[in-house]
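Please find below a briefing on a single protein chain. The sequence and structure come first, followed by notes grouped by topic.

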Amino acid sequence: MAQYARYRAPAESGDKLVVPPWDELGGVVSENRAWRSGAGVKITGQSLAEFSAAARRELLSRAHDYVASYYPALDGELDGRLAEKPLILTGHQPEMSHPGVWVKNFAAGALARSLGGTALNLVIDADACRGTTIRIPSGTAQSPQFGSVQFDAPGEVVPWEERSVLDGACWNSFPQRVRDATANLLEEPMLDSWWPMATDRAMAAGRVGAGLAQARHLVERQWGVQNLELLQSDLCRSDAFRRFACHILRELRLFIDAHNGVLDEYRRAHRIRNHAHPVSNLERRGEWLQAPLWCWTAADPRRRAVFVRHHGGAFTVSDLRSFEHPLRLGEGPNDAVAVAELARWEAQGLKIRSRALITTMFARLAVADLFIHGIGGAKYDEVTDAIAERFFHIAPPRYATISGTLRLPIAQAHSRRVDASQFQQRLRELDYHPERFVDSNGDGLDQAAAGLIEEKLRWVATPKTPGNAAARHEAIVSANRALQPYVAARRNRLEAELIQASARQRSSRVLDSREYAFCLFSREQLRHFLLDFSAQAL
C-alpha cells in the first residue's frame, strides 16, 4: 500500500472523471472475468468461479423480482443467460445525491449495453439515515446563501431500511417550500414533477429510502436505461452473502489482523490521526471478536456491532447487549445449517447486514465483472483491496472510478474564478515588507521614509546572532510599523478589494457548488449530462 491514487472532481461543469479511461473499461471487464475464472480462492469450500456463478444467478433473480415489484413493465422470466454475460455494478445510499454521483448509474448502463451485459445498482439501505434535509441555494444571484429544506421531520438515527415517513405534511409540502426558497435562482427543477412519484413509491414501500431509490430508478427507466436494482438488505438475505459471511466468521481472527493492519498503514501513509477514518478498527474484547457486520431489530433499529466468540469448536454470535445465539459453522462447503440459522434469525426480527467494506468486497469478488465507484468509494476501496489481498492471498479485480461535475445554471455577474487569498497575501506583504510599496513623489522618496527603509535594510542584511537577535527583531518591527503611514492608501484600496472579493467568493461557493441534489436541476440539463455519457467521457 505504498501508492495511493488521488482523485479530484472535474472543475468545469459538464465534465466527468473516468479512471481508467472510458475506452479501456471493456478491456478491464475482460481481465476481471478472466481473473475470476483463474483465481485460486475458495469460499466455503467452493472455487471462486463456482461460488460466483451461483451468487450471480441468485442476486440477478432477486434484482429482477425487486424491480418488477414497482416496474410492472419488467414482466416475464429472467433470462438465465444474464448471469454468464458481463455484469457491471455500482451502488450508493438511497439519498437525493448530486448528479456527479448519479452519473455512475448511467455509466454502468452504457458500458453494460456496449458489452451485451447487465448493469445493477446496489441501494445501500443499511447505511444510517442521519438527516432529512437537502441543501439549496437561496437568496438572489447577487447575494446568494446556502439554505436547507426538510423533506421529513427529523427522527432517531436508524438505517434507511427502517426509516418511514414521519410527517406527511412536511413531506407533501417539500416541493413548494423548495420552490419558495429558490424562486430567484432555479427554473423548472425536476423536483416538481418527480416528487409525486417519490411520494407514491415511499407510501407503497413503507420506507423513505426504498421510495426515493425507486422513484429515481423509474426516471432512469423512462430515459431508456435498463439497469436492475437491488437493496443491500435483500443482498444480505441471500444465501450467497450468508455463505460469504460465514467464511469470514470462521476465520475472523485472521480477518481482523488483515483489516486492522491495513487501516493502521493507511492512516500512517495519509497522516490521519482520527482512528475512525476511513473506518474504525475491528475490536477484540476478551474472547469476543468484532465482525465486519451490523445488526439490529425492528423493535430496536439502531445499528449495533456484531461480535463472535469461538470456544471449544462452537461459535456464538452476539451484540454484547441484547442477544447471544449459537451458530453452527461447518467445515468447507457445509454451511447450509448456518445459512438456514441466519435466515431463521431474520424471520424472528434479527437483521444482520454488511458494513461498507464487506459490501463492496463481496460484490467485487463474487458478483461484479466491474464495480464502478465514485471518488469517496474509490478511496475506501484502496483499503478493501489491501484487506482482501492479505486475507484471501490474491489481489482483487480492478474497479473503475467515475464522477462528474454539474452546476446549476445560475448566471453570475462576475467571473466564477474568485480568490480572495491574493488580497490577503498582499495585505500581509504590506505588514512585513512595506518598503517594497512606498510610493515616491516626483522628487524621489520622502526623506524620512528613505531613512526608515535604509535602517531596516541594514538590519535585514546584518546576520542574526544570539547577541543581536532581540535588537535586530525590534529594529525591523519598528521600521515596518513606522512605514505603515506611507502605504496607508494602498492598504485602504486592498482592504476594499478584499471585502468585494470575499463577497464574490462566498457567492461563488454557493452558486458553484456541485453538491446540490439532482432533483434541483431541470430534466433537460440532467438528460444532456447523464445520457450523453459515453461521448463526453471518451
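**Backbone, packing and confidence**

Pro278 is located in the loop that separates helix 10 from strand 11 (284-285), where helices (H or I, at least four residues) and strands (E, at least two) are DSSP runs numbered from the N terminus. The model is predicted: local features need a pLDDT of at least 70 and side-chain atom pairs count only at pLDDT 80 or more, whereas totals for chains, interfaces and linings use all residues. Residues are numbered from 1 along each chain as its sequence is written, and side-chain values use heavy atoms, with hydrogens and water left out.

**Cis peptide bonds**

- The bond joining His277 and Pro278 is cis, with omega about -5°.
- A cis peptide bond also runs from Val19 to Pro20, with omega near -5°; Pro20 sits in the loop between strand 1 (16-19) and helix 1 (25-38).
- Most peptide bonds are trans, and most residues other than glycine have a negative phi.

**Positive phi values**

- Thr44, in the loop between strand 2 (42-43) and strand 3 (46-47), has a positive phi near 45°.
- Thr44 is buried, at a relative accessible area of 1%; buried means under 20% relative accessible area, exposed over 50%, and partly exposed in between (1.4 Å probe, protein chains only).
- Leu320 has a positive phi near 60° and belongs to the loop between strand 14 (314-318) and strand 15 (324-327).
- Leu320 is partly exposed, with a relative accessible area of 31%.

**Helix 10 and helix 13**

- The axes of helix 10 (residues 252-270) and helix 13 (residues 375-392) come within 9 Å and cross at roughly 140°; axes are lines fitted to C-alpha atoms, for helices over the stretch in contact, and angles run from 0 to 180 degrees between N-to-C directions.
- This angle makes helix 10 oblique to helix 13, given that angles under 35 degrees count as roughly parallel, over 145 as roughly antiparallel, 65 to 115 as roughly perpendicular and the rest as oblique.
- By class, the contact of helix 10 with helix 13 has 10 nonpolar, two polar and four charged residues; Ala, Val, Leu, Ile, Met, Phe, Trp, Tyr, Cys and Pro count as nonpolar, Asp, Glu, Lys and Arg as charged, and the others, Gly among them, as polar.

**Helix 9 and helix 12**

- Helix 9 (residues 239-250) and helix 12 (residues 356-367) have axes that come within 11 Å and cross at roughly 110°, which makes helix 9 roughly perpendicular to helix 12.
- Helix 9 crosses helix 12 in a right-handed sense.
- Ala240, Phe241, Phe244 and Ile248 of helix 9 meet Ile358, Met361, Phe362 and Leu365 of helix 12; by class, this contact has eight nonpolar, no polar and no charged residues.

**Whole chain and confidence**

- The protein chain holds 19 helices and 18 strands, and 53% of its 538 residues count as buried.
- The C-alpha trace spans about 95 × 60 × 45 Å along its principal axes.
- The average pLDDT (the predictor's confidence in each residue, from 0 to 100) is 92, and 95% of the residues score at least 70.
- Residues 534-538 have a pLDDT below 50, and this stretch has eight contacts in the model beyond near neighbours in sequence.
- Where pLDDT is low, the predicted coordinates should not be read in detail.

Technical notes: Left-handed = near helix turned anticlockwise from the far one by under 90°. Contact = heavy atoms within 4.5 Å.
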